[in-house]
Amino acid sequence: MQWITALLLVGLVASAQAGTHQIEGRVVGVHDGDTITLLDSEHRQHKIRLDGIDAPELGQPFGRASKLHLAELLAGREAVAECSKIDRYRREVCRVLVGGADAGLEQVRAGIAWFFRRYAKELPPNRRQRYADMEAEAKAERRGLWADAEPVAPWDWRANARARGGDGR
């Protein structure tokens, strides 16, 4: 019985780790404030959604500013993506680092992305805290979208667009 239990535990640990992988490459596209394309050393393109954040959609206020900031941070640079899952749009969901800096955290710091609390439990506790603290700081200093009296979160904006018959993206 102990042997079976040990095998089950090994299987659970292996399956939990199987979904985590790392991609190194050059950022060749910035689609919006939280989605990029990374070209790896084998010339494969990876569409990547930054984990931990949700940026304004391109059609909403600050959407273009969010994309521009991410492009200034990442475009054409070498990056490391620490990926944990695939989302419903078939994008790899990853923490993206460039020069040691966390691109998602930098978006939140600039006040042009929200800490995406809906998926907070998927982040390690120290990252959750950093993202929450950085969002609170940006909000207190009225950086970026926080200068707006009532900024609309992207998840609310998408839901409203879907209710009007659009796709929200």
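Reader: Which element gives the most to the lining of the largest pocket?
Author: The model is predicted: local features need pLDDT of at least 70, side-chain atom pairs need 80 or more, and totals for chains, interfaces and linings use all residues. Residues are numbered from 1 along each chain as its sequence is written, and side-chain values use heavy atoms, without hydrogens or water. A pocket is an open set of points on a 1 Å grid over the protein atoms alone where a 1.4 Å probe fits, with protein on both sides within 12 Å along at least five of seven lines; lining residues have an atom within 4 Å of a point. With 3 residues, the top contributor is α5.

Reader: Which residues of the lining are closest to the centre of the largest pocket?
Author: About 550 Å³ of space lies in this pocket. β3, β4, β5 and α5 each give two or more residues to its lining. Of the 27 lining residues, the closest to the centre are R49, D87, R91, F116 and Y119.

Reader: Why do the buried residues of α5 line one face of the helix?
Author: The buried residues (under 20% relative accessible area, 1.4 Å probe, protein chains only) are P154, W157, R158 and A161. What covers them includes β4 and β8. They line one face because, seen down the axis of α5, they fall within an arc of 100°.

Reader: Which residues touch the most other members of the largest nonpolar core?
Author: Such a core joins buried Ala, Val, Leu, Ile, Met, Phe, Trp, Tyr and Cys residues through side-chain atoms within 4.5 Å. Among the elements giving it two or more residues are β1, β2, α2 and α4. Another core, of 5 residues, lies apart from it and includes W114 and A153. In the largest core, with its 28 residues, the members touching the most others are I36, L70, L74, A81 and V96.

Reader: What does A81 touch, not counting residues up to four places away in sequence?
Author: Contact takes heavy atoms within 4.5 Å. By that rule A81 touches H21, Q22, I23, L38, I48, C94, R95 and V96.

Reader: Is A55 buried or exposed?
Author: A55 lies in the loop between β4 and α2. Its contacts, neighbours within four places aside, are G33, D34, S66, I112, A113 and P154. At 1% relative accessibility, A55 counts as buried.

Reader: What separates the C-alpha atoms of A55 and I112?
Author: The two residues stand 57 apart along the chain. They are in contact. Their C-alpha atoms are separated by 6.5 Å.

Note on methods: Points joined across faces, edges and corners; volume = space filled by probe spheres on them. Helix = DSSP H or I, 4+ residues; strand = E, 2+ residues; numbered from the N terminus. Buried < 20%, exposed > 50% of the residue type's maximum accessible area, 1.4 Å probe, protein only. Arc of directions from axis to C-beta.
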